[in-house]
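Subject: Structure for you to look at

Hello,

Here is the structure I said I would pass on. Please open it alongside this message; my notes follow below.

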Amino acid sequence: MNLLSAQLSQLQAAALRFRDLLKACIGRRDLTAGRALHALFLKSYVPPSTYLANHFVLLYSSCGQLALAHQSFDEISHPNVFSHNALLAAYARLSHPDAAHRLFLRIPSPDLVSYNTLLSAFAAADGAYSLDSVRLFSHMRRLSSDADGFTLSSVISSVVDDVEQLHSLAIASGLDSYVSVNNALISSYSKGGFLNEAERVFCGMVISRDAVSWNCMIVAYGQHRRGPKALNLFQEMVRRDFEVDMYTLASLLTAFTSVKDIDGGAQFHAQLIKTGFDRNSHVGSGLIDLYSKVGQIRDARKVFEEVDDPDLVVWNTMISGYSVNDEFSEEGIQCFREMQRAGFRPDDCSFVCAISACSNLSSPSQGKQMHGLTIKTEFPSNQISVDNALISMYSKCGNLRDAHMLFKRMPKQNVVSFNTMIGAYAQHGLGLEALVLFKEMLNLDHAPTSITFISVLSACAHTGRVDEGWKYFNSMKQKYDIEPGEEHFSCMLDLLARAGKFDEAEGLVKRMPFDPGLIGWATLLSACRTHGNLELGAMAAEKLLQLEPANAAAYVMLSNMYASTGRWDEFATVRKLMKDRGVRKKPGCSWIELEKKIHVFVADDVTHPRIKDIYQFLEEMSKKMKLAGYVPDVRWAPIRDNITGETRAGYHSEKLAVAFGLISTAEGVPILVVKNLRICGDCHSSIKFISAITGKEITVRDAHRFHCFSNGNCSCGDFW
């Protein structure tokens with residue numbers, strides 16, 4: 001009997017040591033030692049234990065091994081609520097909200113931890129599951145389940161529209177005493193555009209503020225372009241002896257980035273170098289974002305290379321940096337592949353950035369490769385953002401048919417999906433389709449955003465729908481409480497000027513609550529160039545050059561306007577001023593992708609291997625075009641030398657690219673040409689004739705929109 005008692009005591013002691021070792025592995029996230037313990041447990045003749053099995057689920061969950069966590073869960077003969085919660089936590093930690101929700105529905109009697117874990121999964125999806133979060137919280141309240149601060153902070157973090165109601169509930173229930181609840185309120189108010197409310201919450205936390213509170217408020221100032229306030233708050237935080245960590249520093253970098261304060265950001269970078277924080281992946285990501293968004297992409301790459309052990313977020317930020325700087329889009333795709341070779345598995349953000357780079361290049365082959373990779377990859381939480389990026393990519397590659405098909409096949413669409421598709425229709429000159437989709441969006445109770453109206457007004461501008469444009473513009477404030485911004489006014493200026501309603505355009509400029517800015521004056525100048533309104537065009541050019549003296553496009557358009565009216569002295573004066581100020585015109589170039597290779601052309605190109613064939617084709621085509629009634633428009637080549645305007649316009653880069661595409665593809669194969677500047681009027685007219693003579697579908701994507709030529713017509717209806 002004594003021997004049996006002693007053996008039992010030894011077994012109990014061994015079991016306790018085993019439990020303690022397992023807990024230590026969970027705490028340290030030591031997967032190797034944990035798996036060894038699991039193997040030892042399976043080999044021993046220990047009776048099944050739900051208690052220990054739950055800890056194995058926790059082990060694999062904390063180590064990010066979802067498959068092993070699920071396998072361990074499935075091996076539990078009688079799982080309890082703790083078992084379900086352990087697996088639920090794994091789904092939440094790895095951003096699988098849909099799978100977490102399905103598991104939650106299988107729990108016989110979910111407890112507060114179950115609800116909080118699922119709500120945290122919804123909150124981590126950054127607004128994509130706001131409705132699901134509110135529904136779950138309402139269901140929880142109907143069951144009279146107790147909620148705590150963690151519950152409410154997760155719900156608040158999930159929403160943007162109902163923050164005030166949740167704030168009132170927090171006050172009424174006393175849960176506003178939780179620091180986490182107030183921190184969530186600051187973030188959600190800021191995301192919803194209510195900076196004053198965020199400030200009031202922060203100021204009311206005089207005693208209870210923690211480092212997260214300060215970080216949230218610094219980020220809020222950054223989101224609302226209040227860089228100086230963010231910096232002052234950071235300095236106040238330091239004076240009060242709050243611990244400054246990588247999250248604080250990254251928050252401040254967000255503020256510098258939001259106002260594109262490169263001088264302040266560079267000075268702060270110097271301080272980070274002294275403290276060694278610049279090598280931290282979290283801070284490094286913020287620095288890369290800052291330099292990328294002010295166009296200093298090489299400095300961004302230098303920061304990237306100096307980060308110790310860059311994680312997936314750092315790689316994504318670098319890829320994003322390349323993609324937001326169009327001329328470095330090829331490097332963005334290379335960076336994506338470099339990330340894969342480094343052993344990182346791309347997530348939804350990786351693909352969105354890489355697909356955006358493909359969009360900038362208008363590279364159908366690379367875009368389709370990315371689409372294929374996304375199909376092979378599971379995106380449990382944010383498939384919708386990847387689909388939206390793909391819609392944009394196909395549209396910018398001239399393939400509106402596939403963009404529309406992908407949009408229709410999406411299992412779930414959000415406002416961004418509709419914005420992207422409406423914008424695609426507008427860019428392709430299909431204004432009616434854009435407006436029909438906008439009405440469908442409203443019928444489905446998707447609230448339009450500021451970006452929605454930019455696309456809608458652009459659709460009206462590109463199709464000459466002046467009355468409809470005014471109707472939608474006026475409805476922004478009256479019906480949807482959206483304050484028109486600079487881009488909306490620029491769209492209206494574009495609409496009126498394109499339609500030749502210059503008196504209305506001038507009246508709108510005078511009524512605007514702010515200066516039209518670079519976009520507005522450039523829009524007006526471009527329309528004046530098209531319609532030959534020299535007086536208003538000169539004024540727009542003068543205003544534009546006051547804001548940006550180095551803007552080459554303003555000099556070129558104004559000088560060309562003078563040339564087209566025979567005012568050569570003024571033409572020479574503008575060109576001389578341009579030369580004296582050291583302003584150089586951005587070289588025009590066009591490119592076409594054939595058999596996964598990109599061919600680039602410039603005006604009067606002589607470098608392409610098939611350039612003789614191209615010029616010969618254009619000479620023959622020119623004869624056919626003239627027989628069909630084509631008359632060269634020499635206004636687009638204002639040259640006063642022995643070379644005629646007709647000849648110079650005949651060898652513009654877009655014509656060379658189109659010619660190469662025609663002699664290199666089989667009959668019936670459509671071609672896509674991309675130009676970095678706006679297509680000239682003579683080339684536009686020429687390609688219409690070429691499409692009629694050859695029977696080919698030719699799409700030209702210029703710096704402003706798509707021109708889809710077919711049977712002698714263009715999708716823009718010559719209204720561009």
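Helices (H or I, at least four residues) and strands (E, at least two) are DSSP runs, numbered from the N terminus. The model is predicted, so local features need pLDDT of at least 70 and side-chain atom pairs count only at pLDDT 80 or more, while totals for chains, interfaces and linings use all residues. Residues are numbered from 1 along each chain as its sequence is written, and side-chain values use heavy atoms, with hydrogens and water left out.

D445 lies in the loop between α26 (431-443) and α27 (450-463), and its phi is near 65°, a positive value in a residue other than glycine. D241 is in the loop between α14 (227-239) and α15 (246-258), and phi of D241 is also near 65°. Buried means under 20% relative accessible area, exposed over 50%, and partly exposed in between (1.4 Å probe, protein chains only). D445 counts as exposed because its relative accessibility is 70%, and D241 counts as exposed because its value is 71%.

Next, the interior. A nonpolar core is a set of buried Ala, Val, Leu, Ile, Met, Phe, Trp, Tyr and Cys residues joined through side-chain atoms within 4.5 Å. The largest one has 180 residues, and L87, L152, M217 and M421 have the most contacts inside it. Helix α33 (residues 552-564) gives the largest share of this core, nine residues. A second, separate core has 30 residues, among them M621, Y630, V658 and C714. In soluble globular proteins, nonpolar side chains tend to be buried together.

What does M421 touch, leaving aside its neighbours within four places in sequence? With contact meaning heavy atoms within 4.5 Å, the partners of M421 are I391, L400, A403, H404, F407 and L437.

D148 sits in the loop between α8 (130-142) and α9 (149-158). Again leaving aside neighbours within four places, D148 is in contact with L112, N116, L175 and Y178. L112 is 36 residues away along the chain, yet the two C-alpha atoms are separated by 8.5 Å. A polar contact is a pair of N or O atoms within 3.5 Å; within protein, one must be able to donate a hydrogen and the other to accept it, and residues adjacent in sequence count only if both atoms are side-chain atoms. The side chain of D148 makes such contacts with the side chains of N116 (3.3 Å) and T151 (2.7 Å).

Regards
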